[in-house]
Every structure is written in structure tokens, then in C-alpha cells.
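Reader: Before I set up any calculation on this chain, I would like to go through its model with you, question by question.

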Amino acid sequence: MKDTLLAIERRTTAFALYVSCAMLAIAAALGFWQIVTRFVLEHPAEWTEVLIRFSLIYMVFFGIAAAFRQGAMVCVDVVYRWSGARTRRFLDWSVAAVSIFLLLLIVVIGWDYAQRGKVQSVAGLEDVSMFWAYLAMPVGGVFAILGALGNALDPKREDLELAQ
């Protein structure tokens, strides 16, 4: 069961990190295009600013999964260094439980926002519903829950080991 869950988590976190990197590349390309249209063509494209904002939101919410998997989100480094093996496992599971609880709140509230945002249109992209912007919260939250659970089952603390 643990190996199956970790295999699923490994694939979903890799996918989330890929999407996060793609969103960063899209934001950079759209930013470049916005500069070209504004200063070279002297006819700014208003839609690029909105899409940059959306891609950065998706980048953050999908990138959180990789941060949780690496144990880089909630740090209790000092207590972790001073404690024994049993206390460290307790800290790992405590941090995971609190993180998963907060991520579940993000998923539930984000889904509610997305449902309510169906009737709103995006400024600059009037044909697009705000549902798609708010959907980053619940979808990214699900990926982050898998990353946090993966870190609890198989902790990675490279940042702590490198800091010593």
C-alpha cells in the first residue's frame, strides 16, 4: 500500500512540477509578448496581463506539491536537529497532519470559489469564466496533499542536511 501510494505520488508530483514549470515559461513568453506589443508595436495586448496572472497562480499552486514533497514548506529545523528518531517521526507526521488539514480547507474553499466564479467573466477576456482561475486552488491543493502525504511516508530533508 505504501509503495503504491508513493508511486502514485511520485507521478503526480512530477506532473505538477512539469505544469508549474510550463506555467512559468508561459508567463515569461506572455510578458515578452506584452513588451513587444506595448513598446515596439505600440498597441498593447490587454489579455496578456490577465493570462500572466493566471499562469503565475497556477504555477504557485502546482509548485506547492513539489515543495511539500521535498519537505521545504513547513520547517521545524531546530527542534528536528535536537530531537531523537521517535520525536522526528512525530514531528514529520504532525507537520503533515496540520498541512493536509490546511490543504483540505484550500481544496474545499477553492472549489466553492470556483463554483461561485462561474458567473463572473475575466476582465480582458470576457468569454472566459473566473471558474478557470479559481480552479487552481482545489486542483493544486489535491496535488499538494499527495506531496505532503508522500513526504510523511518517505521524508526527504535534503535542505536540512545541506544546512549543517
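Reader: Which element of the chain has the lowest mean pLDDT?

Author: This is a predicted model, and the chain averages a pLDDT of 89, with 92% of the residues scoring at least 70. Among the elements, helix α1 (residues 2-40) has the highest mean pLDDT, at 95. Where pLDDT is low, predicted coordinates should not be read in detail. The element with the lowest mean pLDDT, at 54, is helix α7 (residues 158-163).

Reader: In what order do the elements run from the N terminus, and what is the radius of gyration of the chain?

Author: The chain has 7 helices and 2 strands, and from the N terminus on they run α-α-α-α-β-β-α-α-α. For 164 residues the globule rule gives 15 Å, and the value for this chain is well over that, so the chain is more spread out than a compact globule. Along the principal axes, the C-alpha atoms fill a box of roughly 65 × 35 × 30 Å. The radius of gyration is 19 Å.

Reader: What share of the contacts with a separation of 6 or more comes from residues 24 or more positions apart?

Author: Buried residues make up 41% of the 164 residues. One of the buried residues is T48, at 0% relative accessibility, which lies in helix α2 (residues 46-69) and, leaving aside residues up to four places away in sequence, touches L30, W33 and Q34. Across the chain, among contacts with a separation of 6 or more, the share from residues 24 or more positions apart is 71%.

Reader: How many residues apart are R116 and D112, whose side chains meet in a salt bridge?

Author: The count of salt bridges comes to 5, and one of them joins R116 and D112 at 3.1 Å, N to O. R116 is exposed at 59% relative accessibility, whereas D112 is partly exposed at 33%. Both belong to helix α4, and they are separated by about one helical turn because their spacing is 4 residues.

Reader: What is the spacing of D92 and R89 in helix α4?

Author: The side chains of D92 and R89 also meet in a salt bridge, at 3.3 Å from N to O. D92 counts as buried at 9% relative accessibility, while R89 is partly exposed at 33%. They are separated by about one helical turn, because they are 3 residues apart.

Reader: About how much accessible area do the residues of the nonpolar surface patch have together?

Author: The patch is formed by V98, F101, L102, L105, V108, I109 and Y113. Of these, V108 is found in helix α4 (residues 85-116) and is exposed, with a relative accessible area of 56%. The chain exposes about 10100 Å², of which carbon and sulfur atoms supply 69%. Together, the residues of the patch have about 680 Å².

Terms used: Residues are numbered from 1 along each chain as its sequence is written. This is a predicted model: local features need pLDDT of at least 70, side-chain atom pairs count only at pLDDT 80 or more; totals for chains, interfaces and linings use all residues. Side-chain values use heavy atoms; hydrogens and water are left out. Patches are made of residues with over 30% relative accessible area and no salt bridge: like charges are joined within 9 Å, nonpolar side chains (Val, Leu, Ile, Met, Phe, Trp, Tyr) within 5 Å. Accessible areas come from the Shrake-Rupley method with a 1.4 Å probe; for residues, only the protein chains shown count as cover. A salt bridge is a side-chain nitrogen of Lys or Arg within 4 Å of a carboxyl oxygen of Asp or Glu. Buried means under 20% relative accessible area, exposed over 50%, partly exposed in between (1.4 Å probe, protein chains only). Contact means heavy atoms within 4.5 Å. pLDDT is the predictor's confidence in each residue, from 0 to 100. The radius of gyration is taken over C-alpha atoms; the globule rule is 2.2 Å times the number of residues to the power 0.38.
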